Amino acid sequence: MKKPLIELVDIDMYFTRSKSLLHKERRVHVLKKLNLKIYEGEILAVVGESGCGKTTVGRIITGLLKPTRGNLLYEGESAINILNMKSKAYKDAVQFIQQDSYAALNPVRTIFQSLYAPIKTKNQRMTHDEIYAEVYQNLVKVGLTPPEEILMKYPHQLSGGQRQRVLMARAISLKPKLIVADEPVSMIDVSLRLSILNLMMDLNKQMNISFVYITHDLATARYIANKGRIAVMYLGEIVELAPVEELLARPRHPYTQALLAAVPIPDPVLAKKDRVVPIKQAEHMDLTNRADGCSFYPRCPYGKEECTKGEIPYKSVEKTKYKCVREIKK
Ligand SMILES: Nc1ncnc2c1ncn2[C@@H]1O[C@H](COP(=O)(O)OP(=O)(O)O)[C@@H](O)[C@H]1O
Ligand SMILES: [Mg+2]
């Protein structure tokens, strides 16, 4: 495989929740010793339930948030110390597309104004006409045609799907190496979701932009990353990381198995397999004081005493890495 573009090394993230009448101030440990490599040109899907820390990971990768502990490496050698991540080059190279496309655009600016500003900031010497041509081309690239009709509109005059495309146009105008897309299709009409996923796959192929696609939905993850990898997150940890076809055929972690069991599988052979995983309805682990051992233990149907002790090491089997003590039958 190619060299990693970005590497997260032993990232821990704590948030302090403010005091209220009912609660004292609490420090929650939302990412735990998280390691992840993102390769040049790949599509990596990050999947997990709401609250498991996906957006936090996305914001750390894009430099919007400084982790409590750990390091972020960019192209291996030019390691960025996240303590002083003011690097403009990094901010251009790594773009973040957030879930709420309406909030991401200035409501009193036309689409042209919103797309003009970042190009002008980056390339002070470009003339108005050159920037216009660039904006026009980018709108064509993201499928917003004819661009003349889009340029003079305001965000509220576009559909959610069109606004997501505008965000893609803005992101690619900075010539990024990586786009982190945080639940980009969860707020748009189901009928349009596939076309936005296809657009990201096209941009990946044609411009060699890596994508980190963040979602709670395994179905869209396996679609967009069909030749890529999936990282499954549970309570701030990556519990399994594997190429998509491997993860679907041989899920190793009980949480991945439970996620898969909840998705209908079109493959008749796989569908026949007994895929029900009897997850316990226990409470989540307390994040203010994380217990030793496996985060999934309270809900795991296979939990044993050894699961509650120390740090659970990753196992590597073929191209899969997973964090579970259980020996898997072949
Ligand atoms: N700024 C913040 N202050 C306090 N807690 C936060 C903050 N941002 C996120 N959290 C908490 O961190 C955890 C992970 O959040 P998030 O990354 O948004 O998860 P996801 O995107 O997977 O739904 C949640 O428990 C959330 O409440
Ligand atoms: Mg989120």
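**The ligand site and its sheet**

Mentor: Strands E1 and E2 run antiparallel and are joined by ten bridges. The model is a predicted one: local features are given at pLDDT of at least 70 and side-chain atom pairs at 80 or more, while totals for chains, interfaces and linings take in all residues. Residues are numbered from 1 along each chain as its sequence is written, chains are lettered from A and ligands numbered from 1 in the order in which they are written, and side-chain values rest on heavy atoms, without hydrogens or water.

Helices (H or I, at least four residues) and strands (E, at least two) are DSSP runs numbered from the N terminus; two strands pair if DSSP finds at least two bridges between them. Pro4 has Tyr39 of E2 as its bridge partner. The sheet is open and has three strands in the order E2-E1-E4, paired antiparallel. Strand E2 (26–39) and strand E4 (69–74) are its edges; each has a single partner strand, so one side of each has no neighbour in the sheet. From one strand to the next, the twist averages 20°. Angles run from 0 to 180 degrees between N-to-C directions, with axes fitted to C-alpha atoms, for helices over the stretch in contact. Helix H1 packs on this sheet and touches E1, E2 and E4 (contact: heavy atoms within 4.5 Å), and its direction makes about 125° with that of E1.

Strand E1 (4–17) and helix H1 (54–61) each give at least two residues to the shell around ligand 1, and H1 gives the largest share, three residues. A residue is near a molecule if one of its heavy atoms lies within 4 Å of it. Around ligand 1 are Phe15, Arg17, Val30, Glu49, Ser50, Gly51, Cys52, Gly53, Lys54, Thr55 and Thr56. By class the shell holds three nonpolar, five polar and three charged residues, with Gly counted as polar and Cys as nonpolar.

Oxygen atoms of ligand 1 make polar contacts, that is, pairs of N or O atoms within 3.5 Å. A polar backbone atom of Gly51 is 2.6 Å from a ligand oxygen. For the side chain of Lys54, the distance from an N or O atom to an oxygen of ligand 1 is 2.8 Å. At Gly53, a backbone N or O atom lies 3.0 Å from an oxygen of the ligand. Ligand 1 taken alone exposes 560 Å², of which the protein buries 67% (Shrake-Rupley method, 1.4 Å probe).

For context, there is also an open sheet of eight strands, in the order E5-E6-E7-E3-E8-E9-E11-E10, with mixed pairing. Its edge strands, E5 (94–97) and E10 (315–317), each pair on one side only. Neighbouring strands there are turned by 15° against each other on average, direction ignored. E5 and E6 run parallel and are joined by four bridges, with Gln95 opposite Ile179 in E6. H7 lies across E5 and E6, at about 170° to E5. Helix H11 (254–261) lies across strand E3 (43–47), strand E8 (229–234) and strand E9 (237–243), running at about 105° to E8.

Definitions and conventions: Polar contact = N/O pair within 3.5 Å; in protein donor to acceptor, adjacent residues only side chain to side chain.
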